[in-house]
Amino acid sequence: MSLNEIVDKLSLNEKKLLLLLERLGGEASIEEILKSGGFRQQVEIMNASSWLKSKKLVEINELTKTFYSLDKEGLQFIKKGLPEKRVLLFLLKNQGCATLDEIKRKSGISSSEISIAIGWLRKKGWADISKEKDKVVIKVTERGKKVAKTKDEDEKILEYLYKNPDSEVEESRINNLKSRKNVIKSKLAKVYIIRLTETGKKVVKSGIRIEEEISQITSKIIKDGSWRRAKIRAYDIHAFVPSVYGGKQHPLTFLIEKIRKIFLSMGFEEIEGNFVESCFWNMDVLFIPQDHPARDMQDTLYCKKPSKIKVEDRELLKRIADVHENGADTGSIGWRYRFSKDECEKVLLRTHTTVNTIRYLYSNPEPPCKVFSIGRVFRRENLDSTHLPEFYQIEGIVHERGANFRQLIGLLKEFYRRMGFERIRFRPAYFPYTEPSMEVEVFWNGKWMELGGSGIFRPEVTLPAGVKEPVLAWGLGLERLAMLKFGLKDIRNLYIADLEWLKNVGFKV
Ligand code: PHE
């Protein structure tokens, strides 16, 4: 930008401030600028200077300075005089000499003030103190005689601070007074010094004309035609403005919304479920064997209160027990153990959202249906950069006549494609409730990453629910997906309340 262009974009206050700074020798504090006139309020100067700073025409330096005022005792000194001065004047009236007793009796000065005064008389060299027999004799010196007619440094400062409270005083000049009790009070305050930069100086030299200008167009200005005569300030579209961070969704919420929209747009309906479930619904109806390692205390969070949830439907309980024991009429031979009713009444925090879809199937056994859920699950995991004890699963089922494995693959591919992942692959896997089963993996940053499981529900799972047609099912991790989408190295970042991070995290598509 040329100097002319810079000048053109200056506001009236910016121009005024530049000219003033030049007049004050290129540098001044806000107070000095205020005193020299031209501005009514400090904020005007602060505003103009921060704009000029952003345009690199001034620098603003912040200094912390000490400002002094008189305290209680200091104000007394103003009224009565310094105690040493008062004793000095008494001594001079008394031919320049007196004993301590005489001073105490005749001067009318309190004895506590006298003892302070004696100390200072000696220190300042205004009097000599000696002992004659048992009497303390105080005798004015030459210096004392001189000072009686004038004011000493301390008195000058007292007077100055009396007239100008909150002023700066050189440290070495105020030390004496500061060493006395309750005479001086001080406070620290910030002082802003504004200084023209080299460019600032050049801009001032290039010539700045002060003229009234319009910085905001109003309907009034348009109606009365005054815009024709006035100068209208050019916008500086490169001017610095502070970043505004308005309310914004948490990245996870953002992602959940996106996933929700994808499934809704693919014709799915959303379902929900409970955090607290019985083993029966979370495990047994899904044909998870009762000695399965996932049921172990090491993997599952069980509840103490209540410690049991009874299966109300006794007939259903019997059916599931049979399926586990011998397969009942599902065509399976079952797990061939004795089913424990105690085991299935245990209470846990759901370990997967497959409990939501299986419950849905039990209450809606008639096809067709396409439902999904996005919900939290809980596992006894140790927290590390890729594991959380509490995380979200993206769960879903398709229940319809003729549903098949290829359809499941296509559906998951489509979901991930809409999430922005082109390369995904499926690997054979095992889950007690699906056959066939597969794992979904996506390719990201040169690596295959496991994102979830899927398969077709086994007859041991569907037939006891009265479901006859095939059910495609999947359960995918949300946080892993989020790590990829937000480029995170540590999954825990999603749950720390770090606003800086949240401000800057961006969705990578
Ligand atoms: N419930 C499985 C898990 O938590 C995922 C899954 C869901 C697998 C549905 C197959 C079918 O990992």
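**Entry 1: threonine 197**

I looked up what threonine 197 touches, and found Lys56, Leu57, Val58 and Glu59, leaving out residues up to four places away in sequence. I note here that this is a predicted model. Threonine 197 sits in the loop between β6 (184-196) and α12. Is threonine 197 buried or exposed? Its relative accessible area is 11%, and since the cut-off for buried is under 20%, threonine 197 is buried.

**Entry 2: isoleucine 208**

Next I went to the loop between α12 (198-205) and β7 (213-214), where isoleucine 208 lies. Isoleucine 208 counts as buried, at 12% relative accessibility. I set aside its neighbours within four places in sequence and found contacts with Leu10, Lys15, Leu18, Leu19 and Val203.

I asked how many of the eleven residues of helix α6 (residues 83-93) are buried. Eight are, so the helix is largely enclosed by the rest of the structure. My list of the buried ones reads Pro83, Glu84, Lys85, Arg86, Val87, Leu88, Phe90 and Leu91. Just past the helix, glutamine 95 has a positive phi of about 60°.

Lysine 124 lies in the loop between α8 (111-123) and β4 (127-132), while glutamate 84 belongs to helix α6, so the pair ties together parts that are 40 residues apart in sequence. Both lysine 124 and glutamate 84 are buried. They also take part in a salt-bridge network with Asp152, Asp154 and Arg180.

**Entry 3: other salt bridges**

I searched the whole structure and got 37 salt bridges. One of them joins lysine 145 to glutamate 142, with the closest N and O atoms 3.3 Å apart. Why are these two about one helical turn apart? They are three residues apart in helix α9 (residues 142-149). I wrote myself a reminder: an α-helix has 3.6 residues a turn, so residues three or four places apart point the same way. Lysine 145 is partly exposed at 40% relative accessibility, and glutamate 142 is exposed at 57%.

I also noted glutamate 460 and arginine 458, whose side chains form a salt bridge of 3.1 Å, N to O. Both of these residues are buried.

**Entry 4: helix α22**

What covers helix α22? First I counted: eight of its nine residues (478-486) are buried, so α22 is largely enclosed by the rest of the structure. They are Leu478, Glu479, Leu481, Ala482, Met483, Leu484, Lys485 and Phe486. The cover over these buried residues includes α15 (251-265), α20 (405-418) and the strands β13 (390-399), β15 (434-444), β16 (447-457) and β17 (471-477).

Lys310, Arg314, Arg338 and Lys341 make up a positive patch. Lysine 341 is in helix α18 (residues 341-345) and is partly exposed, at 41% relative accessible area.

A nonpolar patch consists of Ile217, Ile222, Trp227 and Ile232, with about 370 Å² of accessible area together. I found isoleucine 217 in the loop between β7 and α13 (219-223). Isoleucine 217 is partly exposed, with a relative accessible area of 46%.

Note on methods. Residues numbered from 1 in each chain as written. Predicted model: local features only at pLDDT ≥ 70, side-chain atom pairs only at ≥ 80, totals over all residues. Heavy atoms only, no water. Buried < 20%, exposed > 50% of the residue type's maximum accessible area, 1.4 Å probe, protein only. Helix = DSSP H or I, 4+ residues; strand = E, 2+ residues; numbered from the N terminus. Contact = heavy atoms within 4.5 Å. Patch = residues over 30% accessible without salt bridge, like charges linked within 9 Å, V, L, I, M, F, W, Y side chains within 5 Å. Areas by Shrake-Rupley, 256 points an atom, 1.4 Å probe, with all protein chains shown as cover. Salt bridge = Lys/Arg side-chain N within 4 Å of Asp/Glu carboxyl O. Lys, Arg positive; Asp, Glu negative; His and termini not counted. Charge placed at Lys NZ, Arg CZ, Asp CG, Glu CD.
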